[in-house]
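User: I have not looked at this one before. Can you walk me through it?

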Amino acid sequence: MTSPDSLARGAAPASPGTLHARTVTGGLKVAPRTGLVIRFGRGERPDDVDLPVGEDDLRVSRRHGELTYRKRQWWLRNTGRQLVRLPHGRLMHSSTEPIPLAPGYTPVFVRGSGYREHLVELYVTGHDERGAVPRRRAETLPPKVWPLDDDERLLLVVMGQHYLLYEDGPRPLAYRRTAEQLACLRPDGNWSVRRIEYKLAALRRRLHDGGFPYPLMHDGDDGTPWDNNLLHNLLRGLVESTTLVPPDLDLMDPDLMDPGPADLDPRTGSGGGIA
């Protein structure tokens, strides 16, 4: 058994590839070995799984997931009936292909009854692992801020005003309404739906090529930002990175702030959705 501390704080020093895993009722630490399989779930018997999780929750499968070491990596697979949720909202179904675990910490949430989710903490020791060493006096690493020119920032603040208010389920403002607000703020800016589309397409391409953390382009994308999911990814990533921050709303006229719910479709203001 490991200590009761969360693996989010790091794991005890171990050889590269070592898997550390923990739930509220148990934990384990195993060295990598090709073909080794670690199973987690409710367990039909105490020794039926290697890591118990959701033992009192009938929505959790008796064998809900497994971790297999192959190709010099640990691979996570959902073998249960309920979904498994990973960071960034990624979901795994039993039909989903196994995914490799990156070195470091990965929280896995097993869906249970009602709103319950059962946490399975995973930590894979990397080759350059430093261990959980306190670094209180070290300089704080700043977030990666993406470069924007003045026009891009103003456009994104207007289109993403609901994101900057940190609302639940924010959506981009429609192109038409964005153009109307920009025309009031910058009457000499020649803002139009076509110009907005052009600037967003160029921005998505530039940030995509620069390693933006969320998808901004589809395969074969010609640059037209027709997909609201891509605009959502763009605005979410810029807000999360603090490239866009609430004080940026000072660029707007408070009387122009959109009072209603954000639009679903950036072109028409209706329909569509966020995946």
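This is a predicted model: local features need pLDDT of at least 70, side-chain atom pairs count only at pLDDT 80 or more; totals for chains, interfaces and linings use all residues.

User: Let's look at the helices. At what angle do α4 and α5 pack?
Analyst: The angle is about 60°, and the axes of the two helices are 12 Å apart. Helix α4 covers residues 193-209 and helix α5 covers residues 228-240. The crossing of α4 past α5 is left-handed.

User: Which residues meet there?
Analyst: From α4 there are Leu200, Leu203, Arg204 and Leu207. On the α5 side they meet Leu230, Leu231, Leu234 and Leu238. By class, this contact has seven nonpolar residues, one charged residue and no polar ones.

User: Why do residues a few places apart in a helix point the same way?
Analyst: An α-helix has 3.6 residues a turn, so residues three or four places apart point the same way.

User: What span should α4 have, going by its residue count?
Analyst: At 1.5 Å a residue, the 17 residues of α4 should span 24 Å. The C-alpha atoms at its ends are 24 Å apart, so the two values agree.

User: Which residues of α4 are buried?
Analyst: They are Ile196, Glu197, Lys199, Leu200, Ala201, Leu203, Arg204 and Leu207. These buried residues pack against α1, α3 and α5. In residue numbers, α1 is 150-159 and α3 is 175-185.

User: What follows α4?
Analyst: Gly211 follows α4, and its phi is positive, near 90°.

User: Now α1. How many of its residues are buried?
Analyst: Seven of the ten residues of α1 are buried, so this helix is mostly covered. The buried ones are Glu152, Leu154, Leu155, Leu156, Val157, Val158 and Met159. They pack against α2, which is 161-164, and against α3, α4 and α5.

User: Glu152 is on that list. What is its relative accessible area?
Analyst: Glu152 has a relative accessible area of 8%. Buried means under 20%, so Glu152 counts as buried.

User: What does Glu152 touch?
Analyst: Leaving out residues up to four places away in sequence, Glu152 touches Pro147, Lys199, Leu203 and Arg206. Of these, Lys199 and Leu203 are among the buried residues of α4.

User: Different topic. How many aromatic pairs are there?
Analyst: A search of the whole structure finds two aromatic pairs. One of them is formed by Trp146 and Phe212. The pair is tilted, with 5.2 Å centre to centre and 55° between the planes.

User: Where do Trp146 and Phe212 sit?
Analyst: Trp146 is in the loop between β11 and α1, where β11 is 117-124. Phe212 is in the loop between α4 and α5. The two are 66 residues apart, and the pair links distant parts of the chain.

User: Is Trp146 buried or exposed?
Analyst: Trp146 is buried, with a relative accessible area of 7%. Phe212 is buried too, with a relative accessible area of 9%.

User: On to the strands. Where is Arg77?
Analyst: Arg77 is in strand β6, residues 73-78. Its relative accessible area is 36%, and Arg77 is therefore partly exposed.

User: What does Arg77 touch?
Analyst: Not counting residues up to four places away in sequence, Arg77 touches His64, Gly65, Glu66, Met92 and Pro98. Arg77 and Arg39 are 38 residues apart along the chain, and their C-alpha atoms are separated by 9.6 Å.

User: And Lys71, which loop is that in?
Analyst: Lys71 lies in the loop between β5 and β6, where β5 is 65-70. Although Lys71 is not a glycine, it has a positive phi of about 50°. Lys71 is exposed, with a relative accessible area of 66%.

User: What about Arg72, what is its phi?
Analyst: Phi of Arg72 is near 65°, a positive value in a residue other than glycine. Arg72 is found in the loop between β5 and β6. Its relative accessible area is 70%. Exposed means over 50%, so Arg72 counts as exposed.

Note on methods: Residues are numbered from 1 along each chain as its sequence is written. Side-chain values use heavy atoms; hydrogens and water are left out. Axes are lines fitted to C-alpha atoms, for helices over the stretch in contact, and angles run from 0 to 180 degrees between N-to-C directions. Helices (H or I, at least four residues) and strands (E, at least two) are DSSP runs, numbered from the N terminus. A crossing is left-handed if the near helix is turned anticlockwise from the far one by less than a right angle, and right-handed if clockwise. Contact means heavy atoms within 4.5 Å. Ala, Val, Leu, Ile, Met, Phe, Trp, Tyr, Cys and Pro count as nonpolar, Asp, Glu, Lys and Arg as charged, and the others, Gly among them, as polar. The expected span of a helix is 1.5 Å times one less than its number of residues. Buried means under 20% relative accessible area, exposed over 50%, partly exposed in between (1.4 Å probe, protein chains only). Rings of Phe, Tyr and Trp (its six-membered ring) pair if their centres lie within 6.5 Å; planes under 30 degrees apart count as stacked, over 60 as edge-to-face and the rest as tilted.
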